[in-house]
Amino acid sequence: MPYFIKRLVSMLAGLAIESFGIALITKSNLGTSPISSIAWVVTLRFPWISFGVTTFAMNAIFVAIEILLLRRDFHPVQYLQLAVTFWFAATLDVSMMLLTWFSPAEWWLRGIGLLLGTALLAFGICMEVSPKLIMVPGEGIVRAFSMVTKVRFGTVKVCFDISLIVIAGVLSFLFFGRLNGLGIGTIIAAAITGLIVNFFNRHIRFVSSVEPVNR
């Protein structure tokens, strides 16, 4: 049980770090991460709805799609994805509040914020994924599409992220008549996050799903 708690703490801490990374990317005013793109555009259009709330709603839609795709193969334990999403959404709102002061105008400062935010996002992903407890909806829906279509997870993930950006772009033009909330930072985050995740996984030992054996 103590080791399970350690894994749980790692996952929750990882999600909190992820949320801060996404908030930092977003506040750098170069765009947001692909997984958050639709939620951020909706928040910009309806500013009285927080980023965390739109993120929770978007992830709830992901879970609903998982249920439709998997049907009997969707196991009840996967409803815990909603609890995980609630924690992520709450920490995202806290992170946005903590970064209220950060709204850089200089390109070099925006770039630093983007790169630091992407690094934090990647680090949080490593901490969240390594315990292998509950898959977050953004990964769960990709897994569901992969199972149904028999296409490799990585391929589906790329297509899914691109689809989110396209939908967010369409919504942005419908709401504002131009791109708003998306930018070069969205593309950079999509391109390098996986590479940074691989770097951290090679050089840092995270909490695993298997309890170490004392020798």
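**View 1. How confident is the predictor in the protein chain, going by its average pLDDT?** The protein chain averages a pLDDT of 89, and 95% of the residues score at least 70; pLDDT is the predictor's confidence in each residue, from 0 to 100. This is a predicted model, where local features need pLDDT of at least 70, side-chain atom pairs count only at pLDDT 80 or more, and totals for chains, interfaces and linings use all residues. Residues are numbered from 1 along each chain as its sequence is written, and side-chain values use heavy atoms, leaving out hydrogens and water. Helices here are DSSP runs (H or I, at least four residues), numbered from the N terminus.

**View 2. Helix 2 passes helix 3 in a right-handed crossing.** The two axes come within 8 Å and cross at roughly 135 degrees. Axes are lines fitted to C-alpha atoms over the stretch in contact, with angles from 0 to 180 degrees between N-to-C directions. From helix 2, I38, A39, W40, V42 and T43 meet F51, T54, T55 and M58 of helix 3 (contact means heavy atoms within 4.5 Å). Sort these residues and you get 6 nonpolar, 3 polar and no charged.

**View 3. S19 sits in helix 1 (residues 2-27).** S19 is buried, with a relative accessible area of 0% (buried means under 20%, with a 1.4 Å probe and protein chains only). Skip its neighbours within four places in sequence, and S19 is in contact with F88, T91, L92 and S95.

Technical notes: Helices (H or I, at least four residues) and strands (E, at least two) are DSSP runs, numbered from the N terminus. A crossing is left-handed if the near helix is turned anticlockwise from the far one by less than a right angle, and right-handed if clockwise. Ala, Val, Leu, Ile, Met, Phe, Trp, Tyr, Cys and Pro count as nonpolar, Asp, Glu, Lys and Arg as charged, and the others, Gly among them, as polar. Buried means under 20% relative accessible area, exposed over 50%, partly exposed in between (1.4 Å probe, protein chains only).
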